[in-house]
Amino acid sequence: MLLLSSTSNTARPPRTSRSCARLALMSPPCVRTSPRLPLPQLHLRADLFLPYLLSSKPTHCSTQAPSPVSKACLSLSPPGVNAGLHPHVYPPLSHSQLPCGGSCRGSGTVLKLEELSEDETRLQEVRFEVVTSEASYCRSLDIVVEHFVKSKQLGALLTTQDRNWLFSRLADVRAISHSFLSKLEERVESDIMNFTVCDIIARHCQRFKMVYVPYLTNQSYQDTTYQRLMNENPGFKRIVEKLERSPVCQRLPLRSFLVLPFQRITRIKLLVQNIVKRTTPGTPEATQAIKSLKLLEKLIQESNDSITQMKSIESLVSLSAKVDFECRTLPLISQSRRLVREGPVTELMDFSRKDRERNIYLHLFNDYLLVSLQKEGGRFTVIDHSPVSDLRAENCRVKLHSLQKNLFRLHMSNEALLLRTDTQSDKLRWISALSRPHPEIDFSAAQDFPQMQCIRAFVAQQPDELSLEKADVILVHQQSSDHWVEGTRLSDRHRGWVPESHLETISNSRVRQRNLSDALKLTTATAAV
(Lines give C-alpha, C1' and ligand atoms only; values in the text may rest on other atoms or scores of the structure.)
Protein backbone atom coordinates (compact mmCIF):
# COMPACT_ATOMS: atom_id res chain seq x y z
CA MET A 1 0.00 0.00 0.00
CA LEU A 2 1.34 3.41 -0.94
CA LEU A 3 1.62 5.75 2.02
CA LEU A 4 2.91 9.27 1.48
CA SER A 5 4.57 11.08 4.35
CA SER A 6 2.69 13.80 6.12
CA THR A 7 3.40 17.44 5.46
CA SER A 8 5.76 18.96 7.96
CA ASN A 9 3.84 22.22 8.05
CA THR A 10 0.94 21.66 10.36
CA ALA A 11 -2.00 23.90 9.58
CA ARG A 12 -2.65 26.51 12.20
CA PRO A 13 -5.95 26.36 14.13
CA PRO A 14 -8.87 28.19 12.54
CA ARG A 15 -9.24 31.80 13.52
CA THR A 16 -12.55 32.35 15.23
CA SER A 17 -12.28 36.14 15.31
CA ARG A 18 -11.72 36.81 11.62
CA SER A 19 -15.05 35.83 10.25
CA CYS A 20 -18.42 34.60 11.41
CA ALA A 21 -18.27 32.24 8.45
CA ARG A 22 -16.63 29.95 10.99
CA LEU A 23 -20.08 29.47 12.47
CA ALA A 24 -20.82 27.19 9.56
CA LEU A 25 -17.95 24.92 10.45
CA MET A 26 -19.38 23.60 13.69
CA SER A 27 -22.94 23.04 12.60
CA PRO A 28 -24.38 19.70 11.53
CA PRO A 29 -23.52 18.59 7.98
CA CYS A 30 -27.10 18.85 6.77
CA VAL A 31 -28.97 21.75 8.32
CA ARG A 32 -32.62 22.33 7.57
CA THR A 33 -33.35 25.89 6.68
CA SER A 34 -36.01 27.88 8.49
CA PRO A 35 -38.75 29.86 6.76
CA ARG A 36 -37.47 33.01 5.12
CA LEU A 37 -37.59 36.02 7.43
CA PRO A 38 -37.96 39.62 6.27
CA LEU A 39 -34.55 41.22 6.00
CA PRO A 40 -33.87 44.90 6.64
CA GLN A 41 -32.96 47.02 3.66
CA LEU A 42 -29.38 47.86 4.62
CA HIS A 43 -26.24 48.86 2.77
CA LEU A 44 -23.59 46.34 3.80
CA ARG A 45 -19.96 47.45 3.83
CA ALA A 46 -17.80 45.13 1.75
CA ASP A 47 -15.46 44.48 4.68
CA LEU A 48 -18.42 43.27 6.75
CA PHE A 49 -19.98 41.21 4.00
CA LEU A 50 -18.08 37.98 4.62
CA PRO A 51 -19.37 37.46 8.18
CA TYR A 52 -22.77 36.87 6.59
CA LEU A 53 -21.43 34.24 4.20
CA LEU A 54 -22.60 30.80 5.22
CA SER A 55 -22.71 27.63 3.24
CA SER A 56 -25.64 27.71 0.86
CA LYS A 57 -25.61 23.96 0.50
CA PRO A 58 -24.31 22.02 3.52
CA THR A 59 -22.24 18.98 2.74
CA HIS A 60 -24.46 16.14 1.66
CA CYS A 61 -23.25 13.27 3.78
CA SER A 62 -24.20 10.04 2.11
CA THR A 63 -22.47 6.98 0.83
CA GLN A 64 -23.13 8.15 -2.70
CA ALA A 65 -21.05 10.69 -4.53
CA PRO A 66 -22.17 14.31 -4.26
CA SER A 67 -24.25 16.00 -6.89
CA PRO A 68 -22.26 18.03 -9.40
CA VAL A 69 -21.89 21.74 -9.08
CA SER A 70 -24.99 23.71 -8.33
CA LYS A 71 -25.32 27.46 -8.24
CA ALA A 72 -23.69 28.98 -5.23
CA CYS A 73 -25.57 31.74 -3.49
CA LEU A 74 -24.91 34.12 -0.66
CA SER A 75 -26.67 33.54 2.62
CA LEU A 76 -27.46 36.15 5.18
CA SER A 77 -27.70 35.51 8.89
CA PRO A 78 -28.33 38.13 11.53
CA PRO A 79 -25.33 39.18 13.62
CA GLY A 80 -24.84 37.65 17.02
CA VAL A 81 -25.51 34.04 16.13
CA ASN A 82 -23.97 31.79 18.75
CA ALA A 83 -21.11 29.68 17.43
CA GLY A 84 -22.44 26.45 18.87
CA LEU A 85 -23.21 23.17 17.20
CA HIS A 86 -26.66 24.31 16.13
CA PRO A 87 -26.47 27.73 14.48
CA HIS A 88 -29.63 29.19 13.07
CA VAL A 89 -29.19 29.12 9.31
CA TYR A 90 -31.28 31.20 6.94
CA PRO A 91 -32.10 30.25 3.37
CA PRO A 92 -29.55 31.18 0.69
CA LEU A 93 -30.14 34.33 -1.31
CA SER A 94 -29.14 34.99 -4.88
CA HIS A 95 -27.33 38.16 -5.91
CA SER A 96 -30.56 39.85 -6.92
CA GLN A 97 -32.15 39.04 -3.55
CA LEU A 98 -29.46 40.73 -1.47
CA PRO A 99 -30.58 43.59 0.75
CA CYS A 100 -29.79 47.05 -0.62
CA GLY A 101 -31.10 45.96 -3.99
CA GLY A 102 -27.98 44.12 -5.07
CA SER A 103 -25.42 46.79 -4.18
CA CYS A 104 -22.98 47.05 -1.30
CA ARG A 105 -21.34 50.28 -0.11
CA GLY A 106 -18.02 50.28 1.68
CA SER A 107 -15.14 52.70 2.09
CA GLY A 108 -16.71 55.06 -0.39
CA THR A 109 -17.06 52.37 -3.05
CA VAL A 110 -20.36 51.20 -4.41
CA LEU A 111 -20.42 47.56 -5.46
CA LYS A 112 -23.33 46.93 -7.77
CA LEU A 113 -24.06 43.32 -8.37
CA GLU A 114 -26.56 44.05 -11.09
CA GLU A 115 -23.77 45.53 -13.20
CA LEU A 116 -22.34 42.05 -13.70
CA SER A 117 -23.19 40.30 -16.96
CA GLU A 118 -24.88 36.90 -16.87
CA ASP A 119 -21.58 35.12 -17.50
CA GLU A 120 -19.81 37.20 -14.85
CA THR A 121 -22.58 36.44 -12.37
CA ARG A 122 -22.32 32.70 -13.01
CA LEU A 123 -18.54 32.85 -12.69
CA GLN A 124 -18.90 34.72 -9.40
CA GLU A 125 -21.35 32.08 -8.17
CA VAL A 126 -18.89 29.28 -8.93
CA ARG A 127 -16.13 31.11 -7.03
CA PHE A 128 -18.44 31.49 -4.04
CA GLU A 129 -19.36 27.83 -4.33
CA VAL A 130 -15.71 26.91 -3.83
CA VAL A 131 -15.65 28.90 -0.57
CA THR A 132 -19.05 27.94 0.81
CA SER A 133 -18.75 24.26 -0.03
CA GLU A 134 -15.30 24.18 1.61
CA ALA A 135 -16.80 25.76 4.74
CA SER A 136 -19.53 23.12 4.81
CA TYR A 137 -16.96 20.36 4.21
CA CYS A 138 -14.75 21.63 7.06
CA ARG A 139 -17.79 21.74 9.33
CA SER A 140 -18.50 18.08 8.64
CA LEU A 141 -14.84 17.15 9.17
CA ASP A 142 -15.00 18.92 12.54
CA ILE A 143 -17.95 16.74 13.53
CA VAL A 144 -16.35 13.42 12.57
CA VAL A 145 -13.03 14.27 14.24
CA GLU A 146 -14.41 15.82 17.43
CA HIS A 147 -17.40 13.50 17.84
CA PHE A 148 -16.08 10.14 16.59
CA VAL A 149 -12.28 10.13 16.27
CA LYS A 150 -11.76 11.76 19.69
CA SER A 151 -14.48 9.75 21.44
CA LYS A 152 -12.94 8.10 24.51
CA GLN A 153 -15.62 5.39 24.55
CA LEU A 154 -14.89 4.48 20.95
CA GLY A 155 -11.13 4.74 21.37
CA ALA A 156 -11.18 2.28 24.29
CA LEU A 157 -12.62 -0.40 21.98
CA LEU A 158 -10.14 0.01 19.11
CA THR A 159 -6.65 -1.41 18.74
CA THR A 160 -4.02 0.92 17.31
CA GLN A 161 -4.15 -0.91 13.96
CA ASP A 162 -7.96 -0.80 13.75
CA ARG A 163 -7.93 2.88 14.63
CA ASN A 164 -5.41 3.63 11.89
CA TRP A 165 -7.38 1.65 9.32
CA LEU A 166 -10.73 3.11 10.33
CA PHE A 167 -9.84 6.79 10.59
CA SER A 168 -6.58 6.82 8.64
CA ARG A 169 -5.34 10.43 8.45
CA LEU A 170 -8.67 12.15 8.86
CA ALA A 171 -7.28 14.68 11.34
CA ASP A 172 -4.58 15.66 8.79
CA VAL A 173 -7.23 16.06 6.11
CA ARG A 174 -9.13 18.40 8.43
CA ALA A 175 -6.04 20.48 9.20
CA ILE A 176 -5.20 20.97 5.52
CA SER A 177 -8.82 21.81 4.72
CA HIS A 178 -9.01 24.45 7.43
CA SER A 179 -5.79 26.01 6.18
CA PHE A 180 -7.19 26.04 2.63
CA LEU A 181 -10.45 27.61 3.80
CA SER A 182 -8.54 30.28 5.72
CA LYS A 183 -6.73 31.36 2.54
CA LEU A 184 -9.99 31.42 0.60
CA GLU A 185 -11.61 33.63 3.25
CA GLU A 186 -8.70 36.05 3.19
CA ARG A 187 -9.03 36.34 -0.57
CA VAL A 188 -12.78 37.03 -0.39
CA GLU A 189 -12.22 39.66 2.28
CA SER A 190 -9.63 41.42 0.14
CA ASP A 191 -12.03 41.98 -2.77
CA ILE A 192 -15.45 40.44 -2.49
CA MET A 193 -16.53 41.43 -6.01
CA ASN A 194 -13.42 40.40 -7.97
CA PHE A 195 -11.72 37.69 -5.94
CA THR A 196 -10.22 34.60 -7.59
CA VAL A 197 -9.58 31.16 -6.12
CA CYS A 198 -7.73 29.00 -8.64
CA ASP A 199 -4.24 30.19 -7.73
CA ILE A 200 -4.96 29.23 -4.10
CA ILE A 201 -6.17 25.81 -5.22
CA ALA A 202 -3.03 25.31 -7.32
CA ARG A 203 -0.73 26.20 -4.40
CA HIS A 204 -2.54 23.74 -2.11
CA CYS A 205 -2.54 20.74 -4.49
CA GLN A 206 0.82 19.44 -3.21
CA ARG A 207 -0.45 19.59 0.38
CA PHE A 208 -3.70 17.92 -0.70
CA LYS A 209 -1.64 15.12 -2.23
CA MET A 210 0.22 14.46 1.02
CA VAL A 211 -2.98 13.65 2.91
CA TYR A 212 -5.55 12.64 0.31
CA VAL A 213 -3.56 9.96 -1.53
CA PRO A 214 -2.89 7.95 1.67
CA TYR A 215 -6.48 8.45 2.88
CA LEU A 216 -8.02 7.37 -0.41
CA THR A 217 -5.62 4.45 -0.78
CA ASN A 218 -6.73 3.21 2.63
CA GLN A 219 -10.35 2.92 1.50
CA SER A 220 -10.51 -0.86 1.15
CA TYR A 221 -8.94 -1.34 4.61
CA GLN A 222 -11.33 1.22 6.04
CA ASP A 223 -14.39 -0.53 4.60
CA THR A 224 -13.21 -3.98 5.67
CA THR A 225 -12.33 -2.81 9.19
CA TYR A 226 -15.64 -1.01 9.68
CA GLN A 227 -17.66 -4.02 8.52
CA ARG A 228 -15.66 -6.45 10.64
CA LEU A 229 -16.02 -4.36 13.78
CA MET A 230 -19.75 -3.90 13.25
CA ASN A 231 -20.22 -7.65 12.78
CA GLU A 232 -17.83 -8.98 15.40
CA ASN A 233 -17.60 -6.32 18.11
CA PRO A 234 -20.98 -5.65 19.79
CA GLY A 235 -19.48 -2.92 21.96
CA PHE A 236 -18.19 -1.04 18.93
CA LYS A 237 -21.56 -1.28 17.21
CA ARG A 238 -23.37 -0.06 20.31
CA ILE A 239 -21.11 2.98 20.82
CA VAL A 240 -21.17 3.95 17.14
CA GLU A 241 -24.96 3.80 17.03
CA LYS A 242 -25.11 5.85 20.24
CA LEU A 243 -22.83 8.53 18.77
CA GLU A 244 -24.83 8.55 15.53
CA ARG A 245 -28.01 9.33 17.49
CA SER A 246 -26.50 12.59 18.71
CA PRO A 247 -28.23 15.71 17.28
CA VAL A 248 -24.82 16.80 15.99
CA CYS A 249 -24.95 14.05 13.35
CA GLN A 250 -28.46 14.88 12.13
CA ARG A 251 -29.20 11.11 11.95
CA LEU A 252 -26.31 10.56 9.54
CA PRO A 253 -24.15 7.42 9.98
CA LEU A 254 -20.42 7.38 10.60
CA ARG A 255 -19.75 5.96 7.14
CA SER A 256 -21.33 9.01 5.49
CA PHE A 257 -18.71 11.18 7.20
CA LEU A 258 -15.83 8.85 6.33
CA VAL A 259 -16.52 9.07 2.58
CA LEU A 260 -16.43 12.89 2.49
CA PRO A 261 -12.73 13.17 1.49
CA PHE A 262 -13.40 10.80 -1.43
CA GLN A 263 -16.03 13.22 -2.68
CA ARG A 264 -14.34 16.53 -1.99
CA ILE A 265 -11.43 16.50 -4.44
CA THR A 266 -13.76 15.47 -7.26
CA ARG A 267 -16.13 18.28 -6.39
CA ILE A 268 -13.34 20.88 -6.39
CA LYS A 269 -12.31 19.62 -9.82
CA LEU A 270 -15.87 20.04 -11.12
CA LEU A 271 -15.96 23.59 -9.76
CA VAL A 272 -12.66 24.45 -11.43
CA GLN A 273 -13.94 22.98 -14.69
CA ASN A 274 -16.87 25.39 -14.48
CA ILE A 275 -14.49 28.28 -13.89
CA VAL A 276 -12.46 27.28 -16.96
CA LYS A 277 -15.63 27.23 -19.04
CA ARG A 278 -16.63 30.73 -17.94
CA THR A 279 -13.31 32.59 -17.97
CA THR A 280 -11.98 34.45 -21.00
CA PRO A 281 -9.18 32.44 -22.66
CA GLY A 282 -5.74 33.96 -22.26
CA THR A 283 -6.53 35.90 -19.08
CA PRO A 284 -4.48 35.34 -15.90
CA GLU A 285 -7.48 33.74 -14.19
CA ALA A 286 -8.00 31.35 -17.12
CA THR A 287 -4.33 30.36 -16.98
CA GLN A 288 -4.50 29.73 -13.23
CA ALA A 289 -7.77 27.82 -13.62
CA ILE A 290 -6.26 25.50 -16.23
CA LYS A 291 -3.14 25.01 -14.11
CA SER A 292 -5.18 24.09 -11.03
CA LEU A 293 -7.41 21.81 -13.11
CA LYS A 294 -4.40 19.90 -14.41
CA LEU A 295 -2.96 19.57 -10.91
CA LEU A 296 -6.30 18.30 -9.56
CA GLU A 297 -6.63 15.80 -12.40
CA LYS A 298 -3.11 14.59 -11.69
CA LEU A 299 -3.92 14.25 -7.98
CA ILE A 300 -7.09 12.28 -8.70
CA GLN A 301 -5.26 10.07 -11.20
CA GLU A 302 -2.45 9.36 -8.72
CA SER A 303 -5.02 8.48 -6.07
CA ASN A 304 -6.85 6.16 -8.45
CA ASP A 305 -3.59 4.56 -9.58
CA SER A 306 -2.53 4.02 -5.98
CA ILE A 307 -5.86 2.44 -5.10
CA THR A 308 -5.81 0.27 -8.23
CA GLN A 309 -2.23 -0.83 -7.64
CA MET A 310 -2.91 -1.82 -4.05
CA LYS A 311 -6.04 -3.79 -4.97
CA SER A 312 -4.30 -5.40 -7.94
CA ILE A 313 -1.33 -6.61 -5.90
CA GLU A 314 -3.65 -8.05 -3.28
CA SER A 315 -5.78 -9.84 -5.88
CA LEU A 316 -2.69 -11.15 -7.71
CA VAL A 317 -1.23 -12.54 -4.49
CA SER A 318 -4.56 -14.21 -3.74
CA LEU A 319 -4.93 -15.59 -7.27
CA SER A 320 -1.33 -16.83 -7.35
CA ALA A 321 -2.09 -19.08 -4.40
CA LYS A 322 -5.12 -20.56 -6.19
CA VAL A 323 -3.77 -21.43 -9.65
CA ASP A 324 -1.94 -24.38 -11.14
CA PHE A 325 -0.50 -24.37 -14.65
CA GLU A 326 -1.00 -27.16 -17.18
CA CYS A 327 0.78 -24.98 -19.73
CA ARG A 328 3.96 -22.93 -19.43
CA THR A 329 4.09 -21.19 -16.05
CA LEU A 330 3.55 -17.43 -15.99
CA PRO A 331 4.66 -15.40 -12.92
CA LEU A 332 1.50 -13.55 -11.88
CA ILE A 333 2.60 -10.96 -9.34
CA SER A 334 3.73 -7.74 -10.99
CA GLN A 335 3.34 -4.12 -9.87
CA SER A 336 2.34 -3.03 -13.37
CA ARG A 337 -0.31 -5.72 -13.89
CA ARG A 338 -3.97 -4.66 -13.62
CA LEU A 339 -7.13 -6.73 -13.85
CA VAL A 340 -9.40 -5.55 -16.67
CA ARG A 341 -12.16 -8.17 -16.51
CA GLU A 342 -12.76 -11.68 -15.24
CA GLY A 343 -15.58 -14.20 -15.33
CA PRO A 344 -16.90 -17.53 -16.62
CA VAL A 345 -17.78 -18.20 -20.24
CA THR A 346 -18.74 -21.34 -22.16
CA GLU A 347 -16.41 -22.65 -24.87
CA LEU A 348 -18.18 -24.41 -27.74
CA MET A 349 -15.98 -27.27 -28.88
CA ASP A 350 -18.30 -28.04 -31.82
CA PHE A 351 -20.71 -25.76 -33.69
CA SER A 352 -23.84 -27.84 -33.20
CA ARG A 353 -23.40 -30.45 -30.50
CA LYS A 354 -24.22 -29.21 -27.02
CA ASP A 355 -22.39 -32.08 -25.34
CA ARG A 356 -19.15 -30.77 -26.82
CA GLU A 357 -18.87 -27.66 -24.71
CA ARG A 358 -17.10 -26.81 -21.49
CA ASN A 359 -17.08 -24.02 -18.94
CA ILE A 360 -13.89 -22.00 -18.78
CA TYR A 361 -12.83 -18.96 -16.75
CA LEU A 362 -11.07 -15.91 -18.19
CA HIS A 363 -8.77 -13.54 -16.30
CA LEU A 364 -8.00 -10.57 -18.57
CA PHE A 365 -5.18 -8.33 -17.38
CA ASN A 366 -3.73 -5.29 -19.07
CA ASP A 367 -0.87 -7.43 -20.45
CA TYR A 368 -2.01 -11.08 -20.44
CA LEU A 369 -5.09 -13.29 -20.71
CA LEU A 370 -5.39 -16.49 -18.66
CA VAL A 371 -7.73 -19.27 -19.81
CA SER A 372 -8.54 -21.62 -16.94
CA LEU A 373 -10.74 -24.47 -15.80
CA GLN A 374 -12.42 -23.65 -12.49
CA LYS A 375 -12.00 -26.31 -9.82
CA GLU A 376 -13.57 -26.93 -6.43
CA GLY A 377 -12.61 -24.66 -3.59
CA GLY A 378 -12.18 -21.64 -5.85
CA ARG A 379 -9.01 -22.97 -7.49
CA PHE A 380 -8.08 -22.65 -11.17
CA THR A 381 -6.07 -24.75 -13.59
CA VAL A 382 -4.59 -22.54 -16.31
CA ILE A 383 -4.77 -24.33 -19.66
CA ASP A 384 -3.55 -21.47 -21.84
CA HIS A 385 -2.38 -17.87 -21.70
CA SER A 386 -1.59 -15.23 -24.28
CA PRO A 387 -0.21 -11.68 -24.45
CA VAL A 388 -2.92 -9.06 -24.94
CA SER A 389 -1.15 -7.86 -28.09
CA ASP A 390 -1.96 -11.22 -29.73
CA LEU A 391 -5.69 -11.14 -28.92
CA ARG A 392 -8.56 -10.18 -31.17
CA ALA A 393 -12.28 -10.51 -30.44
CA GLU A 394 -15.12 -10.40 -32.93
CA ASN A 395 -18.86 -10.68 -32.71
CA CYS A 396 -20.08 -14.02 -34.05
CA ARG A 397 -23.25 -13.77 -36.09
CA VAL A 398 -23.30 -17.36 -37.40
CA LYS A 399 -26.77 -18.87 -37.11
CA LEU A 400 -26.42 -22.29 -35.56
CA HIS A 401 -28.94 -25.09 -35.67
CA SER A 402 -29.18 -24.96 -31.88
CA LEU A 403 -30.02 -21.24 -32.03
CA GLN A 404 -27.13 -20.38 -29.73
CA LYS A 405 -27.06 -16.73 -28.62
CA ASN A 406 -24.44 -14.33 -27.27
CA LEU A 407 -21.54 -15.83 -29.18
CA PHE A 408 -18.19 -14.23 -29.91
CA ARG A 409 -14.91 -15.50 -31.29
CA LEU A 410 -11.63 -14.99 -29.45
CA HIS A 411 -8.51 -15.20 -31.61
CA MET A 412 -5.35 -16.05 -29.66
CA SER A 413 -1.76 -16.67 -30.70
CA ASN A 414 -2.23 -20.27 -31.87
CA GLU A 415 -5.98 -20.85 -31.94
CA ALA A 416 -9.46 -19.31 -32.01
CA LEU A 417 -12.11 -20.04 -29.38
CA LEU A 418 -15.86 -19.85 -29.95
CA LEU A 419 -17.34 -18.55 -26.71
CA ARG A 420 -20.82 -18.02 -25.32
CA THR A 421 -21.98 -15.81 -22.45
CA ASP A 422 -25.18 -15.87 -20.43
CA THR A 423 -26.25 -12.33 -21.36
CA GLN A 424 -25.72 -9.95 -24.25
CA SER A 425 -24.08 -7.39 -21.97
CA ASP A 426 -21.48 -9.95 -20.91
CA LYS A 427 -20.66 -10.63 -24.56
CA LEU A 428 -20.38 -6.94 -25.45
CA ARG A 429 -18.31 -6.22 -22.36
CA TRP A 430 -15.87 -9.02 -23.19
CA ILE A 431 -15.51 -7.81 -26.78
CA SER A 432 -14.96 -4.25 -25.60
CA ALA A 433 -12.43 -5.29 -22.93
CA LEU A 434 -10.52 -7.44 -25.42
CA SER A 435 -10.45 -4.57 -27.95
CA ARG A 436 -8.51 -2.13 -25.75
CA PRO A 437 -7.13 0.45 -26.12
CA HIS A 438 -10.11 2.26 -27.58
CA PRO A 439 -9.63 5.15 -30.02
CA GLU A 440 -9.93 8.59 -28.46
CA ILE A 441 -13.17 10.43 -29.14
CA ASP A 442 -13.03 13.69 -31.10
CA PHE A 443 -15.67 15.87 -29.42
CA SER A 444 -15.78 18.20 -32.44
CA ALA A 445 -17.08 15.31 -34.58
CA ALA A 446 -19.28 13.57 -32.00
CA GLN A 447 -22.61 15.22 -32.84
CA ASP A 448 -24.12 11.90 -33.89
CA PHE A 449 -23.34 10.12 -30.62
CA PRO A 450 -26.34 9.72 -28.30
CA GLN A 451 -25.89 11.33 -24.89
CA MET A 452 -27.22 10.19 -21.53
CA GLN A 453 -27.21 11.90 -18.14
CA CYS A 454 -26.79 10.23 -14.76
CA ILE A 455 -29.93 10.59 -12.64
CA ARG A 456 -28.69 8.49 -9.71
CA ALA A 457 -25.08 8.06 -8.60
CA PHE A 458 -23.47 4.76 -9.55
CA VAL A 459 -20.38 3.19 -7.94
CA ALA A 460 -18.44 0.78 -10.16
CA GLN A 461 -18.24 -2.79 -8.88
CA GLN A 462 -16.09 -4.24 -11.69
CA PRO A 463 -12.93 -2.88 -13.35
CA ASP A 464 -14.70 -2.24 -16.66
CA GLU A 465 -17.54 -0.25 -15.06
CA LEU A 466 -17.67 3.54 -14.81
CA SER A 467 -18.56 5.32 -11.58
CA LEU A 468 -20.88 8.28 -12.15
CA GLU A 469 -22.14 11.16 -10.08
CA LYS A 470 -25.58 12.64 -10.50
CA ALA A 471 -25.76 14.88 -13.61
CA ASP A 472 -22.62 13.42 -15.22
CA VAL A 473 -23.02 13.20 -19.00
CA ILE A 474 -21.71 10.36 -21.16
CA LEU A 475 -21.43 9.76 -24.90
CA VAL A 476 -23.06 6.41 -25.65
CA HIS A 477 -21.08 3.85 -27.66
CA GLN A 478 -23.43 0.89 -27.35
CA GLN A 479 -26.33 -0.51 -25.34
CA SER A 480 -27.23 -4.10 -24.57
CA SER A 481 -30.66 -5.69 -24.62
CA ASP A 482 -30.33 -6.38 -20.89
CA HIS A 483 -29.98 -2.67 -20.10
CA TRP A 484 -26.28 -1.89 -19.78
CA VAL A 485 -24.70 1.11 -21.51
CA GLU A 486 -21.08 1.68 -22.52
CA GLY A 487 -20.13 5.33 -22.62
CA THR A 488 -17.40 7.93 -22.33
CA ARG A 489 -17.77 10.57 -19.61
CA LEU A 490 -17.49 14.04 -21.14
CA SER A 491 -15.73 15.61 -18.15
CA ASP A 492 -12.62 13.40 -18.24
CA ARG A 493 -12.99 10.98 -21.21
CA HIS A 494 -13.08 7.91 -18.95
CA ARG A 495 -14.92 5.00 -20.52
CA GLY A 496 -16.91 2.16 -18.99
CA TRP A 497 -20.23 0.40 -18.47
CA VAL A 498 -23.18 1.73 -16.47
CA PRO A 499 -26.65 0.25 -15.72
CA GLU A 500 -29.28 1.96 -17.87
CA SER A 501 -31.48 2.40 -14.77
CA HIS A 502 -29.06 5.11 -13.57
CA LEU A 503 -29.31 7.09 -16.81
CA GLU A 504 -31.76 9.06 -18.91
CA THR A 505 -31.42 10.04 -22.55
CA ILE A 506 -30.75 13.67 -23.45
CA SER A 507 -33.16 14.30 -26.31
CA ASN A 508 -32.69 18.07 -26.71
CA SER A 509 -30.21 18.65 -29.55
CA ARG A 510 -29.20 22.10 -28.26
CA VAL A 511 -28.35 20.64 -24.85
CA ARG A 512 -26.27 17.91 -26.50
CA GLN A 513 -24.40 20.48 -28.58
CA ARG A 514 -23.74 22.65 -25.53
CA ASN A 515 -22.40 19.64 -23.63
CA LEU A 516 -19.99 18.88 -26.48
CA SER A 517 -18.95 22.53 -26.75
CA ASP A 518 -18.16 22.71 -23.04
CA ALA A 519 -16.17 19.47 -23.18
CA LEU A 520 -14.29 20.65 -26.27
CA LYS A 521 -13.50 23.99 -24.62
CA LEU A 522 -12.02 22.20 -21.62
CA THR A 523 -9.95 19.93 -23.85
CA THR A 524 -8.70 22.80 -26.01
CA ALA A 525 -7.91 25.03 -23.02
CA THR A 526 -5.93 22.39 -21.12
CA ALA A 527 -4.04 21.37 -24.27
CA ALA A 528 -3.01 24.98 -24.94
CA VAL A 529 -1.31 25.50 -21.57
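Here is a short chat about strand pairing in a predicted model.

Modeller: Ground rules: this is a predicted model, where local features need pLDDT of at least 70, side-chain atom pairs count only at pLDDT 80 or more, and totals for chains, interfaces and linings use all residues. Residues are numbered from 1 along each chain as its sequence is written, and side-chain values use heavy atoms, with hydrogens and water left out.

Colleague: What makes S6 and S7 a pair?

Modeller: Strands are DSSP runs of E, at least two residues, numbered from the N terminus, and two of them pair if DSSP finds at least two bridges between them. S6 (residues 339-348) and S7 (residues 357-365) have 9 bridges, so they count as paired. They run antiparallel, and Val 345 stands opposite Ile 360 in S7.

Colleague: How do you know that S7 pairs with S8?

Modeller: By that rule again: 4 bridges join S7 to S8 (residues 368-374), so the pair qualifies. These two also run antiparallel. His 363 has Leu 370 in S8 as its bridge partner, and a hairpin of 2 residues joins the strands.

Colleague: Why are S16 and S17 called edge strands?

Modeller: The open sheet has 5 strands in the order S16-S15-S14-S13-S17, paired antiparallel. S16 (495-499) and S17 (503-505) each pair on one side only, hence edge strands. Neighbouring strands here are turned by 45 degrees against each other on average, direction ignored; the axes are lines fitted to C-alpha atoms, with angles running from 0 to 180 degrees between N-to-C directions.

Colleague: What joins S17 to S13?

Modeller: 3 bridges, with S13 (residues 451-454) and S17 antiparallel; Gln 453 has Glu 504 in S17 as its bridge partner.
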